[in-house]
Amino acid sequence: MGIELDDTPQFQQYAHPEKFVSAAWLSARLGVPGLKVVESDEDAFLYDIGHIPGAVRIDWKQDLNDPLVRDFIDGEAFAELMRSRGINRDDTVVVYGDSSNWWAAYTAWVFELFGHPDVRLLDGGRDAWMGEERDTSFVVPEYPRSDYPVVQREDAPFRAFASELLEHTPTQLIDARPAPLYLGEDPDPESCSAPSLRQGHIPGAVNAPWGRSVFPNARFRSLEDIQAIYADFDKDAETVVYCQLGESSSHTWYVLKHILGFTNVALYDGSWAEWGNMVRMPVVKGDAPENAAE
């Protein structure tokens, strides 16, 4: 790893403390060679009204998705994205964003699909940085193009697909959405970022809303609090997480994998936006599994 780790005591309790940095740690190292900061927001316009000095923007929708196929970009496109942002393969990449790091965690997860050696998440994201009134900038940095190599994306073991869930229900299937969406009782499903024709959840899924693991200021709760949330789950069992569009469940994936040390956890990024719109997919409303219907 190119940049020293953040020795914040809370992070040292995590399964993978090397995956997290604090605002104080990052602020003290801005401009250090080998460190690149990436902002990835739900609201892409936030970057334009002030961002961490030196940070580049990666738009989860425009930059990470193939323009034709409903899939992520391939190795060649990812390499070109990294080159255009001046990111080298051996750089330490710190990702942050709005909405308690939903899309920042999603972007960091995509970096992991491409095996980037050192990618970290800013605890609290944009909220933490702005809340501490740290320096911001309107300047869009222009870094020299890098020579990032073409690395093929490896979906397994971090990614799951609808076809796999139809064939085999994982030992632990976690729905990270708020309870009303899980139960199919949301009064206004059109208010979702990705509305679906059917409401409810995937058969066998257990509801564990993503937001329980963070404080209102977007920072992670204590390890003890997070352990209590997932106390009924086996960290070594096959686990798949999903939400509405893959954004908040990527946050849950990050919690399970890098804070709690789950050894076999994948993200179903198609999530309910895919499942709830596909023909003849089994759907459960409420908590009763016998309510499953095509």
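Which residues line the largest pocket?

## Before we start

This is a predicted model, where local features need pLDDT of at least 70 and side-chain atom pairs count only at pLDDT 80 or more, while totals for chains, interfaces and linings use all residues. Residues are numbered from 1 along each chain as its sequence is written, and side-chain values use heavy atoms, with hydrogens and water left out.

## The largest pocket

Back to that opening question: the lining is made up of Arg70, Asp71, Arg159, Ala160, Phe161, Ala162, Leu245, Tyr268, Asp269, Gly270, Ala273 and Glu274. A pocket here is an open set of points on a 1 Å grid over the protein atoms alone, where a 1.4 Å probe fits, with protein on both sides within 12 Å along at least five of seven lines; lining residues have an atom within 4 Å of a point.

Take a look at strand S8, residues 239-242. Strands are DSSP runs of E with at least two residues, and helices are runs of H or I with at least four, numbered from the N terminus. S8 is covered on both faces, with Thr239 and Val241 buried on one side and Val240 and Tyr242 buried on the other. Buried means under 20% relative accessible area, using a 1.4 Å probe and protein chains only.

S8 runs parallel to strand S6 (residues 172-175), with four bridges between them, and tyrosine 242 is the bridge partner of aspartate 175. On to strand S9 (residues 265-267): three bridges join this strand to S8, also in parallel, and valine 240 stands opposite alanine 266.

## Serine 100

Serine 100 sits in the loop between strand S4 (92-96) and helix H4 (102-113). Serine 100 counts as buried because its relative accessibility is 12%.

Key. Buried < 20%, exposed > 50% of the residue type's maximum accessible area, 1.4 Å probe, protein only. Pairing = 2+ DSSP bridges.
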